[in-house]
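Trainee: I have a model on screen and would like to learn how to read it. Can we go through it feature by feature?

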Amino acid sequence: MKKKIYALLLLLFVIFTGGYYYVHYPAINIHKPSFWAGMVVICLVLGAICGINSIRYKFDKNKKVKNFNTLPFISKTFGVLAVILFLVAFVGNIIGSPLLRAKKYASLLEVENKDFASDLEETERITDLALMDTESARIFGNRKIGSLSEVVSQYEVESNYTQISIQKAPYKVSALKYASFFKWWNNRDKGVPGYVKVNPVNSDAEYVELPQGMKYVPSAYLNYNLMRHVQLEYPTKIISGYNFEIDDEGNPFYVCPTVSARVGLFGGMDVNGVILCNPVDGACSYYKINNIPSWIDNAYDGHLLCDKYNWFGTLSGGFINSIFGQKDCKQVTDDFGYKIIGDDVWIYTGVTSVNGDQSNIGFVMMNQRTSEAKYYKVSGAEEHSAMAAAEGEVQEKGYDAAFPSLINVGGVPTYIMVLKDDGGLVKMYAMVNVEQYNIVATASTQGEVFANYKKLLKTEGGSIVPDNGTANSTAIIKVAGIQFINTEDGTVVYIKDENHNVYKQKFADNEQLIKITEGDTIKVTYEPSEDGINYLSSYEFSDITVETIID
């Protein structure tokens, strides 16, 4: 009878443990604190099962303990093992604490000091910055799916958008997800049919339908759940999450970074590899961090990179200095933006002193594929101050500024950001001078905000943007038509020449435009635009006719 009781208890324990593992699928890895906690619990439970018969007879009728020294050897062994496991985990945690290993934490990120003007290319057009934030991307993505009745009835768009680079251009992508358990059950054989791709530069959203549906996704259940599927494929890997990405051919993948402790037993968790999962057939491949495919953009999460920089910035002088003296201690601000350099995605964030003032002492850019970090010593307004300055410029409209990116405009450090309405839609663009954040330019288009900002630099900022011939062009045109159109930002003058090129400028910026009439020949200085609607900087009447130039 005793053997049957033992067998039944062990069977129930195995079933419970197996069920827990299947539901929660924890990593079996010594660098995971929950692994040690689980092992301690298992030892205690097994020890209790093996000693349950002895424990039963150690109590008299008054429930007082008589003697525990006669517990079975195996029960005592499990008890001792539980204590040893607890002590090992405790000591390992202490050894890996910043108090004892501050220098090791600081060395986890190598930061290279760079010169802003020479290292960061000048920006003339926004083609490599993800100005649109995730909230706005959700709005465009949901609107696109909402127009597809056969899709929206069964699927929704995942709320997490991944910032990626496709042929050196920024995009935000997100897969569809099952709307409910029953919709997964009804569609599990064909899978999720596609994903959404949003261009954060021009706010264009595109739905991409796949030839084969994605079956292994985060919104699926049982063995088709992405995280369960990947973790059971690699039970000893600590997986820090997943990112939906597409390769250069548009094929979908889930990128699952794996991490391991680099300081002590649990400290300094850092990426050591990537698991790549094909959501169509569930095929998984593991790559070490120095050997991942070049199209992968999100091996290092932006928050992890910020943590690594904070370790570098605060612990380089030792733990005691980080608490008391705080000499040369610095940290990143509370958010970050994205920039495409080459074919990689970099995060940008400002760097402030730990004293919590309202200014930046510099900024850092970190590569999400390689964790390469570059520091630029540029003092000025921190991001939220710049956002407030941009919002104040159009306070009557009530727009909210998104987190800015930093660009080089003629060697001048400049914040650029979008301004959104209450619905989260992009309505305007703003540029703010980092060193003098009272210099603010706003406009409804990117080209116009560049033109306005450069004009401010030349007239108010004292920092002259050189006319190097790359930004402005000149031409002698014959005016075929001129129109004055009222917009939310005031009256805009549109001048059309005989070749159907258009030049526009705010009337408030140059009231001399009222002198131009149809048939005049004028010399224009302008910033070219790809759509043929150029941004007029200045004009003057010309004695040379277009016909004379042709002759």
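Mentor: Start with Tyr25, which is found in the loop between helix H1 (2–24) and helix H2 (33–50). Helices (H or I, at least four residues) and strands (E, at least two) are DSSP runs, numbered from the N terminus. This is a predicted model, where local features need pLDDT of at least 70, side-chain atom pairs count only at pLDDT 80 or more, and totals for chains, interfaces and linings use all residues. Residues are numbered from 1 along each chain as its sequence is written, and side-chain values use heavy atoms, with hydrogens and water left out.

Trainee: What is the phi of Tyr25?

Mentor: First the general idea. Most residues other than glycine have a negative phi. Phi of Tyr25 is near 35 degrees, a positive value.

Trainee: Is Tyr25 buried or exposed?

Mentor: Buried means under 20% relative accessible area, exposed over 50%, partly exposed in between (1.4 Å probe, protein chains only). Tyr25 has 19% relative accessibility, so it counts as buried. Now take Gln326, in the loop between helix H12 (319–323) and strand S12 (330–332). Its phi is positive too, near 55 degrees. Gln326 has 28% relative accessibility, so this residue counts as partly exposed.

Trainee: How do I read strand pairing?

Mentor: Strands of a sheet pair through backbone hydrogen bonds, either parallel or antiparallel. Two strands count as paired if DSSP finds at least two bridges between them. Take strand S4 (residues 169–178). Strand S2 (residues 155–157) pairs with S4 in the antiparallel sense over three bridges. There, Glu156 stands opposite Lys177. Strand S3 (residues 162–166) also pairs antiparallel with S4, over five bridges. Here Ile166 faces Ala169. Strand S5 (residues 192–199) runs antiparallel to S4, joined by four bridges. Ser174 stands opposite Val196 in S5.

Trainee: How many residues lie between the strands in the hairpin of S3 and S4?

Mentor: Two. Within that hairpin, Gln167 takes a positive phi near 50 degrees.

Trainee: Why is S4 described as largely enclosed by the rest of the structure?

Mentor: Because eight of the 10 residues of S4 are buried. S3 is mostly covered as well: five of its five residues are buried. Thr162, Ile164 and Ile166 point one way from S3, while Gln163 and Ser165 point the other way.

Trainee: Which strands close into a barrel?

Mentor: Five strands do, in the order S24-S25-S26-S28-S27, with mixed pairing. Neighbouring strands of this sheet are turned by 55 degrees against each other on average, direction ignored. For such angles, axes are lines fitted to C-alpha atoms, for helices over the stretch in contact, and angles run from 0 to 180 degrees between N-to-C directions. Look at strand S26 (residues 502–506) and strand S28 (residues 533–541), which pair in the parallel sense over three bridges. Tyr503 has Asn534 in S28 as its bridge partner.

Trainee: What about the nonpolar core?

Mentor: A nonpolar core is a set of buried Ala, Val, Leu, Ile, Met, Phe, Trp, Tyr and Cys residues joined through side-chain atoms within 4.5 Å. The largest one has 41 residues, of which Ile145, Leu176, Val230 and Phe244 touch the most other members. Apart from it lies another core, of 31 residues, including Ala130 and Tyr338.

Trainee: Which residues of helix H10 are buried?

Mentor: Leu226, Met227, Arg228, His229, Val230 and Gln231. H10 (residues 226–233) is mostly covered, with six of its eight residues buried.

Trainee: Where is pLDDT under 50?

Mentor: pLDDT is the predictor's confidence in each residue, from 0 to 100. It stays under 50 over residues 462–470, for which the model has 15 contacts beyond four places in sequence. Contact means heavy atoms within 4.5 Å. Over residues 546–551 pLDDT also stays under 50, and the model has seven contacts beyond four places in sequence for them. For the protein, mean pLDDT is 87, and 90% of its residues reach 70 or more.
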